[in-house]
Amino acid sequence: MMCKPRIPAKAPAALALALLLGACSLTPVLEKPLPPVPASFGGLAASPPEAGTGADLGWKTMFGDPRLQSLIDLALKNNRDLRLALLNVQAVRAQFDIQDSARLPTLSANAGLSRQRSPAGGGSAASVGSQKSAGLSVSAFELDLFGRVAALSEAAFARYVASDASRRAAQIALVGAVADAYFAQRLAEEQLLLTESTLTDWQRSLELAQQLKSARQRSGLDVAEAEGQVATAQADREARLRAVALAGNALDLLTGVHAPAGLPPGVALDKQPVLVQLPAGLPSDLLSRRPDIGQAEQGLLAANADIGAARAAFFPQISLTASLGYASPSLSGMFDSGQRVWSFAPQITQPLFNHGKLRSELRLAEVRKSAAVVEYEKAIQTAFREVADGLAGRATYGRQIEAQSRVVQAAGRRLALSRLRYDAGQDSRLELLDAQRLLYAAQQNLLELRRNEFGNAVALYKALGGGLSSS
C-alpha cells in the first residue's frame, strides 16, 4: 500500500480535502515483463536506429501509385469498420468521463413548495400551511481514503487509451488491406490480359492445325491437342474475369464506395513505385511503434488498477451528504438570516460478511492481470514474428523475381525455337504445345511473384507500425 503524507494541522480546507481524497493507494506497483523475444530479428540485418524505420514513412511515401493513394483516401473517409473504431473510442472516453466524475462531489440547486393541512383539535380550527425552500445540496460523495475511486478512474483512462490505440491499429490495417486488395486487382487484370493474349495466339495455332489437317499435312491428333489447349486458356480467362470482379468488390467494401470515375489510371505491377526495402530498426522499436502492443500495455495497466480497486473494497467507505439553504412559509422572508437551514450527514460503511464476494473479486482481478500479462507478451511475440517474416521476404523476393525473369526469357527462346522446328517438320506438335504452356506458366508465376513482393512489403510496413501519416 502506498500512502501520501499526513495532512498538516493548519492546512487550508481545500488543500486538506485534496490530500484526504487521495491519501492512500492500494494499487500494486506495475512491473512490466521483459520482452519475451530475442535481441535481433533472427540474425537478419536491421538498419541502425538513426537511419529511421518503416514506421517513419507515411503511406503516400510508401505507396506512390496515384490510383492507390486515391483509394486509400476514400477508405479513410468512408470505411465503416474505421468509423466503428472511432465511435468505440468516443464511447470509452465517455465511460472514462463518467467514472472520473465520481472523484468530485456533485452540487445541485433545488427549490420546493409544500402545502399541508392540519386537522382541528384542542380548541383550534383546521389550518392549511405552506413551506417554501431553496438551497444547494451535495449528494452522497465518497471520501477516497484508500484510492478505490481513483483506481477505477485510472483503469477507465487506461481502457480509453487502449481503445485509441485500437483505432490506430485499425487505420494501419485498413491502409494495408486497401493496398493488398489493389495489388490483387492489378494482378488479376494483368493475368487476364496475359490469358487473353495467350488465348488469341493459341486460337491461331488451332486454326493453322485445322487448315493443315484439311490439307492432309497434319493428323487429327494435332487438332485435338490444339483444341484442348484453347479450352484450357478459355477456362483460365473465366477464372481471371472472376478474380477481377472479386478484387473490385473487395476494394468497394474497403473504401466504402464504388470507385468513382476519374481516378488516375493504375500502374503496372512491374512499374509499381512501392518501397520494398524498408528499414526495420531494432526490436525495441516495436514497443513504441506498434499500436497493438500499446493497446495490450494499457490493458495491463487497467487490470493492475482494478486490483487496487478490489483491495480498497475491503476497507471502510466514507460518504458525505450535505445541504444548505433557506426555508420559510412566505417568499418575502425566505432569505432572512433566521430562515437558514442546513444538514450534514456523514456515513461510514465497513464490509463485515459477504460470503467471500470481495475476496473472489480480488482473485478475479489478479487473474485478469495475469491474463493481461500473457496478452502483452503474446502481442510482442506476434509483432516480432511478423517483422522477422517481412525481413525474410525482403531478403529473398528480389532475387527470386530476378531468377523467375530469367525463366521467362529462357521459355520465350525455347518457344521461338520450337516453333521454327515445328514449321520445319523437325518437332511434333506436342513439343510446341509444351513450350507454349511453359512460357505461359512462367509469365503467370512472374506476375504472382511481383504481387507477393508487394504484399510482403505491405505486411512489413504494418508490422513496423507504419501507416499513420499521409505524408
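Q: Which residues have the most contacts inside the largest nonpolar core?

A: Happy to start there! In this predicted model, the largest nonpolar core holds 57 residues, and those with the most contacts inside it are Phe 63, Leu 68, Val 178, Phe 183, Val 274 and Val 387.

Q: Which elements give two or more residues to this core?

A: They are α2 (59-62), α3 (66-78), α5 (148-214), α6 (220-255), α8 (291-312), α9 (357-423) and α10. The largest share, 13 residues, comes from α5.

Q: Which residues does the second, separate core include?

A: Among its 13 residues are Ala 411, Tyr 422, Ala 435 and Leu 439.

Q: How do I read the span of helix α10?

A: Count 1.5 Å a residue: the 35 residues of α10 (residues 429-463) should then span 51 Å. The end C-alpha atoms of α10 are 51 Å apart, so the two values agree. After α10 comes Gly 465, with a positive phi near 85 degrees.

Q: How many cavities of 30 Å³ or more does a search of the whole structure find?

A: The search finds 1, and the largest cavity contains about 40 Å³ of space. Its lining has 6 nonpolar, 1 polar and 3 charged residues, including Leu 143, Phe 146, Arg 148, Phe 315 and Gln 317.

How values were computed. Residues numbered from 1 in each chain as written. Predicted model: local features only at pLDDT ≥ 70, side-chain atom pairs only at ≥ 80, totals over all residues. Heavy atoms only, no water. 1 Å grid on protein atoms, 1.4 Å probe; cavity = no way out; pocket = protein on both sides within 12 Å on 5 of 7 lines; lining within 4 Å. Points joined across faces, edges and corners; volume = space filled by probe spheres on them. Nonpolar A, V, L, I, M, F, W, Y, C, P; charged D, E, K, R; others polar. Helix = DSSP H or I, 4+ residues; strand = E, 2+ residues; numbered from the N terminus. Expected span 1.5 Å × (residues − 1). Core = buried A, V, L, I, M, F, W, Y, C linked by side-chain atoms within 4.5 Å. Buried < 20%, exposed > 50% of the residue type's maximum accessible area, 1.4 Å probe, protein only.
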